[in-house]
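Work through the exercises below with the sequence and the model open. Each task is followed by a solution in steps.

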Amino acid sequence: MSANEVKNEKETESCFANQLAIQGAIEMYCLDYGISVEKLTATFCEKLVKEGYIQGLPDDPGQGSNTFTNYCMDEAGKIFCSVHGNKK
């Protein structure tokens, strides 16, 4: 495996870890407030940070700064990345 392939693999695994952290924060928020969330919006994500459900909005590994918007929510409410997909 080349150095670039190893780097890409590490970035993808880090992205998957970010997705789990975001998913967990959303699930805890929804349980606490008795709501469901259908879309991952900037306003909602800022609430997650402000209320301590997640430390900060993670950037998508390897994609640069301010790339949190690469994370999206599918119809089933699962978080995925527009670049790396999601862990099956």
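**Exercise 1. Place Asn18 in the fold and list its contacts.**

Step 1. Asn18 belongs to helix α1; helices (H or I, at least four residues) and strands (E, at least two) are DSSP runs, numbered from the N terminus.
Step 2. The model is predicted: local features need pLDDT of at least 70, side-chain atom pairs count only at pLDDT 80 or more, and totals for chains, interfaces and linings use all residues. Residues are numbered from 1 along each chain as its sequence is written, and side-chain values use heavy atoms, with hydrogens and water left out.
Step 3. Asn18 counts as buried because its relative accessibility is 17%. Buried means under 20% relative accessible area, exposed over 50%, and partly exposed in between (1.4 Å probe, protein chains only).
Step 4. Not counting residues up to four places away in sequence, Asn18 touches Pro58, Asp59, Pro61 and Tyr71, where contact means heavy atoms within 4.5 Å.

**Exercise 2. Describe the chain as a whole: its elements, extent and burial.**

Step 1. The chain holds 2 helices and 2 strands, in the order α-α-β-β from the N terminus on.
Step 2. Its C-alpha trace spans about 45 × 25 × 15 Å along the principal axes.
Step 3. The chain has 88 residues, of which 33% count as buried.
Step 4. Among contacts with a separation of 6 or more, 48% are between residues 24 or more positions apart.

**Exercise 3. Check the span of helix α1 and find what covers its buried residues.**

Step 1. Helix α1 covers residues 3-33, so at 1.5 Å a residue its 31 residues should span 45 Å. The expected span is 1.5 Å times one less than the number of residues.
Step 2. The buried residues of α1 include Cys15, Phe16, Asn18, Gln19, Ile22, Gln23, Ile26, Tyr29 and Cys30. An α-helix has 3.6 residues a turn, so residues three or four places apart point the same way.
Step 3. The cover over the buried residues of α1 includes α2, β1 and β2 (79-81).

**Exercise 4. Which residues of the largest nonpolar core touch the most other members, and which element supplies the largest share?**

Step 1. A nonpolar core is a set of buried Ala, Val, Leu, Ile, Met, Phe, Trp, Tyr and Cys residues joined through side-chain atoms within 4.5 Å.
Step 2. The largest such core has 17 residues, and those touching the most other members are Ile22, Ile26, Leu40, Phe44, Leu48, Tyr71 and Ile79.
Step 3. At least two residues of this core come from each of α1, α2, β1 and β2, and the largest share, 6 residues, is from α1.
Step 4. Take Ile79, in strand β2: this residue counts as buried because its relative accessibility is 5%. Leaving aside neighbours within four places in sequence, its contacts include Gln19, Ile22, Ile26, Leu40 and Tyr71.
Step 5. The C-alpha atoms of Ile79 and Gly24 lie 9.9 Å apart, at a sequence distance of 55 residues.
Step 6. Take Leu48: not counting residues up to four places away, this residue touches Ala25, Ile26, Tyr29, Tyr53 and Ile54.

**Exercise 5. Compare Pro58, Asn70 and Asn66: is each buried or exposed?**

Step 1. Pro58, Asn70 and Asn66 lie in the loop between α2 and β1.
Step 2. Pro58 is buried, with a relative accessible area of 17%. Outside four places in sequence, Pro58 touches Asn18, Ile22, Phe68 and Tyr71.
Step 3. Asn70 counts as buried at 15% relative accessibility. Its contacts beyond four places in sequence are Asp60, Gln63, Phe80, Cys81, Ser82 and Val83.
Step 4. Asn66 is exposed, with a relative accessible area of 72%. Its phi is near 55°, a positive value in a residue other than glycine.
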